[in-house]
Amino acid sequence: MPTRWGDNDSYGHMNNVVYYAFFDSAVNRHLIANGVLDVAKSEIVGLVIETQCTFFSSIGFPDDVHVGMKVAQLGRSSVRYEIALFRNKEDQASAVGQFIHVYVDRATSRPVPIPDEVRAVLQAIAA
């Protein structure tokens, strides 16, 4: 995923909040690409309840960000992803973190079991 000019902060590197946006985008792109998330119509959706990020080196515009992602824990209604962000073609991650979704009914915001079709997509990238 390419960085954008506006991702940089006054120090000339990607602002810390943008790393979290990359996590969110990577997870949702994966779910959309695998046909288990329609952001406008899905009745059951994953809400972010926790994120965490450890930074190792800077990323900034005009870098490209490569994302590595796996499911580290899959529960009844929640999933914990581990995600690494790589700057351009570097072998060492610039940042690593986790991202936790709890699946809820969109209308009530109450937790529900992860739907079987979503669970299958998640299991395919489970550690």
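A residue is called buried when its relative accessible area is under 20%, exposed when that area is over 50%, and partly exposed in between. Keep in mind that this is a predicted model.

Q: Why is Ile114 called buried?
A: The cut-off is under 20%. Ile114 has 4% relative accessibility, so it counts as buried.

Q: Where is Ile114, and what does it touch?
A: Ile114 is found in the loop between β4 and α2. Leaving out residues up to four places away in sequence, it touches Leu74, Gly75, Arg76, Ser77, Ser78, Tyr103, Arg119 and Leu122. There's also Val79, 35 residues away in sequence, with 8.7 Å between its C-alpha and that of Ile114.

Q: How do you know whether Asn28 is buried or exposed?
A: Check its relative accessible area, which is 19%. Buried means under 20%, so Asn28 gets that label. Asn28 sits in helix α1, and its contacts, beyond neighbours within four places in sequence, are Leu37 and His101.

Q: What makes Asp38 partly exposed?
A: Asp38 comes in at 35% relative accessibility, so that's the label it gets. You'll find Asp38 in the loop between α1 and β1. Asp38 and Asn28 are ten residues apart along the chain, and their C-alpha atoms are separated by 9.5 Å.

Q: Why is Ser42 called buried?
A: Its relative accessible area is 13%, and the label needs a value under 20%. So Ser42 is buried. It lies in the loop between α1 and β1. Setting aside neighbours within four places in sequence, Ser42 is in contact with Val36, Leu37 and Arg106. Asp105 is 63 residues from Ser42 in sequence, and the two are 9.1 Å apart in space, C-alpha to C-alpha.

Q: Which residues of helix α2 are buried?
A: In α2, residues 116-123, they are Val118, Arg119, Val121 and Leu122.

Q: How do you know that those buried residues line one face of the helix?
A: Look down the axis of α2: its buried residues fall within an arc of 160 degrees, so they line one face. In general, an α-helix has 3.6 residues a turn, so residues three or four places apart point the same way.

Q: What covers the buried residues of α2?
A: The cover includes α1 (16-33), β2 (65-74), β3 (78-87) and β4 (95-105).

Q: How many helices and strands does the chain have, and how do they run from the N terminus on?
A: It has two helices and four strands, in the order α-β-β-β-β-α.

Q: How many of the residues count as buried?
A: Of the 127 residues, 38% do. As for the surface, the accessible area comes to about 7300 Å², of which 51% belongs to carbon and sulfur atoms.

Q: Where do the positive and negative charges lie on average?
A: The mean positions of the 11 positive and 14 negative charges are 4 Å apart.

Notes. Residues numbered from 1 in each chain as written. Predicted model: local features only at pLDDT ≥ 70, side-chain atom pairs only at ≥ 80, totals over all residues. Heavy atoms only, no water. Buried < 20%, exposed > 50% of the residue type's maximum accessible area, 1.4 Å probe, protein only. Arc of directions from axis to C-beta. Contact = heavy atoms within 4.5 Å. Areas by Shrake-Rupley, 256 points an atom, 1.4 Å probe, with all protein chains shown as cover. Lys, Arg positive; Asp, Glu negative; His and termini not counted. Charge placed at Lys NZ, Arg CZ, Asp CG, Glu CD.
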